[in-house]
Every structure is written in C-alpha cells, then in structure tokens.
Amino acid sequence: LFSQGGDKANMPTTTLTADDLTDGAVAVLDLMLKCGLVPSKKEARRLVEQGGVEADGVKITDITRTFTADELSGEGIILKKGKKVYHRALLG
C-alpha cells in the first residue's frame, strides 16, 4: 500500500458503530474479526501471540488489548497484519 505511494484514502476501512463496542471498548481479537483480517478468533490469537499484528506502528503482544472509543474516533487506528496487510478501523 505505502510502498506504491498509496495513502490512507485508498486503505481498506471498517467503520464500527457503538453496538460493536463493549463497555466503550473493543478487544483486539474482535476488532480483527470485524475488519475481516482473520477468519476466526483462534487465528487472530495466533497472530497476536506470534507478534504479527501492529496498531498504529506499535506491536500488539497482549491478546486482551482493547481499543477505546476515543482511540477509534477521528482518524481511527491502522491495523497491520503481517508485513503487507493494512486496514483502518474507525468509529462512525
């Protein structure tokens, strides 16, 4: 995406609603599943445990990590799966 001169406007994006949040936050495994980055929570858990997931450039190593409504509002967060798969999640 970025190596070819792309920008955020062309990035695949998932817009979450307040119904997607639990107590004002969403777990990283649920977020990856909602964004279509993984087919199951088991696969999401494996990716996080093996260090294959980043959020806004910070490696996620804790499967209990949650993202609050404040983090998802505005520009949202950019999830990176592996080396080349980018996806933006934001609260609509």
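This is a predicted model: local features need pLDDT of at least 70, side-chain atom pairs count only at pLDDT 80 or more; totals for chains, interfaces and linings use all residues.
Five strands line up in the order E1-E7-E6-E3-E4, making an open sheet with mixed pairing. At the edges sit strand E1 (13-16) and strand E4 (58-59), each of which pairs on one side only. Strand E6 (residues 77-81) and strand E7 (residues 85-91) run antiparallel to each other, joined by five bridges. E6 is mostly covered, with four of its five residues buried.

Next comes a closer look at Ala89, which belongs to strand E7. Is Ala89 buried or exposed? Its relative accessible area is 0%, so Ala89 is buried, the cut-off for that being under 20%. What surrounds Ala89, once its neighbours within four places in sequence are left aside? Ala89 is in contact with Thr14, Leu31, Cys35, Leu72, Gly76 and Ile77. Ser73, which is 16 residues from Ala89 in sequence, has its C-alpha 9.0 Å from the C-alpha of Ala89.

Now for the charged side chains. A search of the whole structure turns up five salt bridges. One of them brings together the side chains of Asp30 and Lys41, at 2.7 Å from N to O. Asp30 lies in helix H1 (residues 28-34) and Lys41 in helix H2 (residues 41-49), so this pair ties together parts that are 11 residues apart in sequence.

Another salt bridge links Arg46 and Glu43, whose closest N and O atoms are 2.6 Å apart. These two residues are three apart in helix H2, so about one helical turn separates them. Arg46 counts as partly exposed at 35% relative accessibility, and so does Glu43 at 25%. Glu71 and Arg65 also form a salt bridge, with 3.3 Å between the closest N and O atoms. Glu71 is partly exposed at 30% relative accessibility, while Arg65 is partly exposed at 29%.

Methods:
Residues are numbered from 1 along each chain as its sequence is written. Side-chain values use heavy atoms; hydrogens and water are left out. Two strands pair if DSSP finds at least two bridges between them. Buried means under 20% relative accessible area, exposed over 50%, partly exposed in between (1.4 Å probe, protein chains only). Contact means heavy atoms within 4.5 Å. A salt bridge is a side-chain nitrogen of Lys or Arg within 4 Å of a carboxyl oxygen of Asp or Glu.
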